[in-house]
Amino acid sequence: MTQYIIRRLVQAIPVLFIVSVLVFTLIQISPNNPLSAMQNNPNITPEDLLRLEREYGFNDPLPVKYVKWLSQTLQGNWGDSFVTHRPVLTEIGERLPNTLYLSLIAFVLALVIAIPIGVISAVRQYSLFDHLVTTIAFMGQSIPIFWFGLILIIIFSVNLQNPLAGTPLFPHPAPLPLFPGGGMTTLTDNPPEPLVDRIWHLILPVSMLAVFQLAQHVRYMRAGMLDILKMDFIRTARSKGLRERAVIYGHAFKNAAIPLTTIIALEIPALFNGAVFTETMFSWPGMGRLFFNSAERGDYTVLMGILMISATLIIFFNLVADIAYAFLDPRIRYD
Amino acid sequence: MANATVTQTPLGKAAQRQDTLYSIAWRHFRKHRPAMAGLVVLSLLVLSTIVVPIVTNYDPGKTHILDKYLAPSIEHPMGTDGLGRDILVRSMDGGRISLLVGLSAMLLAITIGTGIGAMAGFYGGMVDNLLMRLADIMLTIPTLFLAIVLIQLLRAGVIPFLSAGIAPIVFVIAITSWMPAARLVRAAYLSIKQKEFIEAARSAGAKNGRLILRHILPNAMSPIIVAATLRVGAAIITEAGLSFLGMGVQPPTATWGNMLTNAQSEMDYAPWTAIFPGLFLFITVIAFNYIGDGLRDALDPHHVQ
């Protein structure tokens with residue numbers, strides 16, 4: 001197993017190298033660059049602009065630029081943002097924890113809710129509960145995530161009021177929305193207790209981020225469970241006189257979770273996509289919003305940093321999913 | 001070459017009806033109620049996006065600033081937006097663009113995916129390795145991040161014929177979404193190329209190109225059709241998402257996505273601007289996904305007796 005992990009980590013190096021060449025080229029041939037914003041600045045003369053271009057090495061050939069970027073990056077210098085003039089790693093270091101905090105909570109919550117629902121739905125196939133679950137899961141899979149976010153805000157933030165406003169739990173006097181429509185914490189007067197405040201601010205963005213995964217996981221868990229329940233060893237277990245609970249949770253569940261693990265690995269990149277919408281709509285200071293703003297401004301040192309870190313994270317989480325896969329199914333051996 | 005009429009034997013009606021894979025599939029598809037409902041809803045919606053803008057008195061693009069933010073009424077069943085434009089008419093007009101973008105992006109993505117998957121599966125070895133690593137690398141970059149970088153590049157005019165209208169977004173959606181189709185097609189080609197009829201065709205002198213296109217492709221069609229149908233829904237959502245962020249189809253051309261761009265700042269006083277365009281989007285995607293689900297069941301070889 002250790003050997004396998006080491007081999008996978010070594011294999012990730014050429015992949016990251018090609019990703020960096022690809023993304024670097026795309027960003028560099030884009031005419032959007034941070035200096036184009038300075039062209040309209042009356043305090044900057046065309047001579048200044050030329051000098052800056054020379055200093056930054058804007059007119060170097062692409063391979064020269066890439067080698068410069070790579071050698072600096074490998075030494076831990078990821079450059080400065082052209083907009084905030086702060087080091088890229090500082091910018092990302094401030095935002096990444098916020099994104100991970102939001103997406104990991106959504107991820108775990110989706111899993112914890114989806115697994116029992118999927119199992120019960122499969123065990124009681126064709127019951128009213130099952131029909132309800134499959135229909136809702138199908139809708140959850142089809143709903144555009146940003147529109148779902150808008151609807152959540154309209155219902156829970158614009159229309160519904162917090163009945164506990166003014167009480168010790170929420171000291172702010174009414175009117176107070178049932179759930180806030182943005183931010184990570186209360187910035188105005190009379191904030192609730194820090195923990196309450198954090199959870200209160202998490203509910204809507206987490207719901208928005210979790211809906212698709214939740215629906216997807218329920219469908220896979222249910223399908224996996226249905227497949228396993230038809231198998232011979234389940235019949236054997238039942239005919240041995242095992243209790244139904246033991247059959248389902250002891251024998252069927254672990255096997256049925258295998259297809260779910262595969263789909264989880266495939267969904268990890270989607271978490272980053274979701275983060276762009278969720279963070280933009282809920283003014284959440286994370287990587288998704290940083291990426292979007294940097295793309296709009298042509299701040300390419302930051303763009304490169306985010307793309308490389310997200311690619312690394314995706315490779316890492318895929319490896320974790322593969323290890324989990326081997327843990328669930330001992331027939332899978334990676335050496 | 002045997003003529004079709006010669007092979008027909010009088011074994012009763014079933015044999016005479018000349019059951020093809022597709023006629024059997026259609027019989028199964030008709031029994032899949034959600035899929036049929038999806039087909040009906042989608043047909044009505046497509047029809048409305050063509051007919052409504054023609055028969056209505058409202059010009060979807062003309063602004064009536066005095067009528068801004070009117071709540072839904074008989075006059076404007078879905079209200080008006082911040083420039084006094086009727087949301088129903090605009091949703092229909094924009095829906096046509098959204099559907100067009102979704103369908104074109106799907107066609108392009110499936111064509112690229114099928115091409116790459118077919119090459120990888122048929123030739124195997126180095127070709128397979130190279131193409132599949134390319135797919136892996138594409139899957140390592142978050143698609144929306146890649147799409148945002150690419151669309152800015154295209155809109156700036158790096159490739160002249162892909163710089164305006166719906167062309168950049170169609171191209172970007174296709175280039176960021178062909179990978180699952182490629183994997184699917186590769187798997188189908190890998191298994192079909194081992195079959196005896198391919199060996200027979202090869203020994204009859206069929207060249208590789210002919211084997212790939214005429215002999216294997218028709219047998220790999222089922223998964224491609226299902227993936228294509230599901231891809232339309234995904235492509236429509238991606239278009240709407242990028243347009244919502246202001247990176248997709250540009251106003252004044254309406255799409256379901258860009259109609260929602262300002263919705264967040266307007267929802268305190270005009271929530272209908274957010275609700276209705278998204279509702280059409282949602283219904284369309286559900287319809288496509290149910291149709292895809294029905295096709296998957298109908299084209300499943302276990303069903304075909």
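What share of the contacts in chain A with a separation of 6 or more is accounted for by residues 24 or more positions apart? Such residues account for 66% of these contacts, two residues being in contact if their C-beta atoms, placed from the backbone, lie within 7 Å.

The structure is a predicted model, in which local features need pLDDT of at least 70, side-chain atom pairs count only at pLDDT 80 or more, and totals for chains, interfaces and linings use all residues. Residues are numbered from 1 along each chain as its sequence is written, while chains are lettered from A and ligands numbered from 1 in the order in which they are written.

**Confidence**

The model scores ipTM 0.86 and pTM 0.87. Chain B has a mean pLDDT (the predictor's confidence in each residue, from 0 to 100) of 85, and 92% of its residues reach 70 or more. Over residues 1-10 of chain B the pLDDT stays under 50, and the model has four contacts beyond four places in sequence for this stretch.

**Chain A**

Chain A contains eleven helices and zero strands; helices (H or I, at least four residues) and strands (E, at least two) are DSSP runs, numbered from the N terminus. Its C-alpha trace spans about 85 × 60 × 30 Å along the principal axes. Of its 335 residues, 33% count as buried. A residue is buried if 20 or more other C-beta atoms lie within 10 Å of its own, exposed if 12 or fewer, and partly exposed in between, with C-beta atoms placed from the backbone.

**Two helix pairs**

The table sets out one helix pair from each chain. Axes are lines fitted to C-alpha atoms, for helices over the stretch in contact, and angles run from 0 to 180 degrees between N-to-C directions.

| Helix pair | Axes come within | Crossing angle |
|---|---|---|
| Helix 1 (residues 2-29) and helix 3 (residues 62-74) of chain A | 11 Å | roughly 125° |
| Helix 5 (residues 87-123) and helix 8 (residues 167-175) of chain B | 8 Å | roughly 40° |

The angle makes helix 5 of chain B oblique to helix 8 of chain B; angles under 35 degrees count as roughly parallel, over 145 as roughly antiparallel, 65 to 115 as roughly perpendicular and the rest as oblique. Helix 5 of chain B contributes residues including V101(B), A105(B) and I112(B) to the contact, and helix 8 of chain B contributes residues including I169(B) and I173(B). By class, this contact has nine nonpolar, one polar and no charged residues, where Ala, Val, Leu, Ile, Met, Phe, Trp, Tyr, Cys and Pro count as nonpolar, Asp, Glu, Lys and Arg as charged, and the others, Gly among them, as polar.

A235(B) lies in helix 12 of chain B and is buried, with 27 other C-beta atoms within 10 Å. Leaving aside neighbours within four places in sequence, A235(B) is in contact with G102(B), A105(B), M106(B), I173(B) and S177(B). Helix 10 (residues 196-203) of chain B lies largely in the open, because the number buried among its eight residues is zero. Just after helix 10 of chain B, G205(B) takes a positive phi of about 100°.

**Contact between the chains**

The contact takes 35 residues from chain B and 38 residues from chain A. Helix 7 of chain B gives the most to the side of chain B that touches chain A, with eight residues. The residues of that side divide into 25 nonpolar, eight polar and two charged.
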